[in-house]
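User: I would like to learn how to read a model of this kind, feature by feature. Please give the general idea each time and then the case at hand.

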Amino acid sequence: MAGRPMWENPLRAPVAYGRLAVPQLFAELQSPEPEKKLRALASLQDLLHDPERLYPTVTKGYVEKMKLLLEDEDPSVRSKTCEVLGLLCTHSLGRQVLLSSPLLSSLFWLLDDPSSPCRKNVLRVLKLLTLHPSGADALLTLVPKLLLKLQQQQQQEEGEQISVEEEKKVEVNEEEKVDEENQQEQREGLKMEQTEEVKDVKEEEEEEELLVLSLISCCSRRDALPALSSDAVSVLKPRLTHPCTHIRREATAAMMALSVPMAGKHRLCEEAMLPLLVGLLRDEDVHVRTNTVGVIMYTVITTAGKLQCLKLNVVSALLDLLTEAPPFKKAPRLMEEKERWTRKALVLYSLRALTSLAEAPEGRRLLMEQLPLLRRSCEEEEDAEVIRAAHAAIEVVTWTP
Amino acid sequence: NKMASYSHRDRSGIYSFSSRPRAVEDRSRTLPPEKSRPMYGNIMFDRRVVRGNTYSQHFRPSTAQPDPAEIRREQVSKQRTSARRRAREQLLQPTTPEPVQGRKHMDVQTELYLEELSHVVVTADMECQSDAFLDRPPTPLFIPAKSGKDVETQIEEGELFDFDVEVQPLLEVLVGKTMEQSMLEVMEEEELASLRAQQKAFKVLRNMEQAEVQRLQEQERRRREERERRIMQQREALRKEKETVEKIAARAYTQQSLVDLLPTVFNSLRTHGYFYDPVERDIETNFIPWLMEEVHKNLEKRETARKLLDGRTNTTRLCFLF
């Protein structure tokens, strides 16, 4: 590489000093070559970490110039632009500017982009946008589209699953015949390669699915009605039993957001989701369990939900959850604090669900038997909220008309 | 003599000079102190005026430095004048008078020891021969006598520049800055994480409270509906009771009133003629009307006959009158 000084990085455009850095990079972005654009975008990415540089960029309206880049032909340019926009969205001023700019429609359009990294970056940007409530409002219109995407993906997966199952059947038949070991190994080797390739693609798809699900749950927390009207419950149903933990987490979180309004609760009861959810109560991941208990907590408020749950013997499951969580103490470190809060959430939600269940006569009867357990947990706990919840539960259980 | 030139110093110290134009006077070298009559020379015969072509004239540049030739000439002339002056003075110095006739002046020595005054200097020749030239031996090294103290100095390795010592401040700055930056970033992330944790905790509590609120709402709704239903039921029950009471009362009353209903009914019916003998009725309905008709017809006939008669008698009466 003769002629190039050592300190020049081929991946980054040279950055001018001081105030001229950002305008010069933007000028370089106008050039037609994609490599130059990539380099300039990479340098911009490095620069815009600093809020001092970011604020003038955002306030002087350079952001609109990125619109052209979003419609560029080269997919790597598009995905890099989305990364830079993601950096912008980490600051609230950037979020506001982005929301009020015409870039939003281009971003929506880019969701259907053929290149996967581009789509993922767009989803990340949108997820950061939901940190602001007006951002979540703006994205509510996007929710039906996202659900449609999930549906399509689900159909695709089903189609793949069927073909995979067929393949497996064929393979089983072949293996029944007498095979030499070499042939078997060869086939297994091929299978491994194939599964690895398929795995990579699958991982990317899963990541995307994860992002879409988290976006849906963020928007639904703001207002769950658009999602419900686009039939979100049935779309989320298969994802509850997905092998990947993260997807299950996000699906249950979305379900919890959906079950807040009354329409959602009715929907859940209609679609017979409760058996699935009760099954999920014994899941390994704490977060999945917490979210599931949250869903149950909300659903059980309706009478139909109560009856269904009592039929499914939810009470014993919830009591198990209560007893397995140890009493809480104040944790000094942040990680422990986080864990403590997740377990606390679990306990709180189960107590609330039990409170709602206790309003039904059968539930009350069941819980009267378990009353000493509740009292004991009430006395042992140090945490104020848990004590309060336990008191409320005991009150409801011992209420007589 | 009028004032041809005028110069004065101003009040502020500015010097000014002005003069009326005048012809140049020709003054001879001997200065006549009195000015009897201004002699104007002819400009044509004035030595100071340059005549002829001035293009090839060598002229002294108007600098202050005079030409070296000029200087020398001046010096020579000065010397000559000084010599002439000295000579003049010498001539006027008092000297010994001239000798008397027949005598000659002679210079005589009057010191104690007489010296021969002669112009011939006593000389003697001496010869001397040196050896054949030897090479000049080299001058011995001039070593001045030792004075002062002997002092040595040697720069050991690491004396002038010790890397470890020198690098210390640089390292401190680099490491310190890196640490500072990383600490800042970590603190930022920690802050963000704690913010998120707080948010999460808040969300959990909020969900809980929301569930509680919804539960209580549901409870309220249920109880309200229950209450309303019960009220409705109660009302229904009341209404029904009232109805039954009324019914019972009505029944009793009607029973009472209807006790002697039957005989009265029958009586009234009988009086109204609803129980009848069919033969009688038949006679009444068929026979009697026929009879009446016949009678009526008969009577009518008689009536008409009588009327006719009356009429004729009337007309005849009338005719009769007229």
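**Reading the two chains**

Analyst: In chain B, residues 24 or more positions apart account for 2% of the contacts with a separation of 6 or more, a contact being heavy atoms within 4.5 Å. This is a predicted model, in which local features need pLDDT of at least 70, side-chain atom pairs count only at pLDDT 80 or more, and totals for chains, interfaces and linings use all residues. Residues are numbered from 1 along each chain as its sequence is written, chains are lettered from A and ligands numbered from 1 in the order in which they are written, and side-chain values use heavy atoms, with hydrogens and water left out.

User: Which elements does chain B have, and in what pattern?

Analyst: Helices (H or I, at least four residues) and strands (E, at least two) are DSSP runs, numbered from the N terminus. Chain B has four helices and two strands, in the order β-β-α-α-α-α along the sequence. Of its 322 residues, 4% are buried, where buried means under 20% relative accessible area, exposed over 50% and partly exposed in between (1.4 Å probe, protein chains only).

User: Where in chain B is confidence lowest, and where highest?

Analyst: pLDDT is the predictor's confidence in each residue, from 0 to 100. The average for chain B is 82, and 90% of the residues score at least 70. The lowest mean, 75, belongs to strand 1 (residues 5-9) of chain B, and the highest, 89, to helix 2 (residues 163-259) of chain B. The model has an ipTM of 0.76 and a pTM of 0.58.

User: How is the interface of chain A and chain B read?

Analyst: The size of an interface is often given as the accessible area lost when the parts come together. Buried area here is the accessible area (1.4 Å probe) that two parts lose on being put together, summed over both. Between chain A and chain B about 2,100 Å² is buried, and carbon and sulfur atoms give 60% of that. On chain A 27 residues are in contact with 22 residues of chain B.

User: How many salt bridges are there between chain A and chain B?

Analyst: A salt bridge is a side-chain nitrogen of Lys or Arg within 4 Å of a carboxyl oxygen of Asp or Glu. The count between chain A and chain B is four. One salt bridge joins Arg352(A) to Glu212(B), at 2.7 Å from N to O. On the side of chain A that touches chain B, the elements giving two or more residues include helix 17 (286-299), helix 20 (334-357) and helix 23 (384-397) of chain A. Helix 20 of chain A gives the largest share of that side, ten residues.

User: Is Thr342(A) buried or exposed?

Analyst: Thr342(A) lies in helix 20 of chain A and counts as buried, because its relative accessibility is 12%. Leaving aside neighbours within four places in sequence, Thr342(A) is in contact with Val286(A), His287(A), Thr290(A) and Lys200(B).

User: What should helix 5 of chain A span?

Analyst: The expected span of a helix is 1.5 Å times one less than its number of residues. For the 15 residues of helix 5 (residues 75-89) of chain A that is 21 Å, which agrees with end C-alpha atoms 21 Å apart. Eleven of those 15 residues are buried, so helix 5 of chain A is largely enclosed by the rest of the structure. Its buried residues pack against helices of chain A that include helix 2 (34-47) and helix 8 (116-129).
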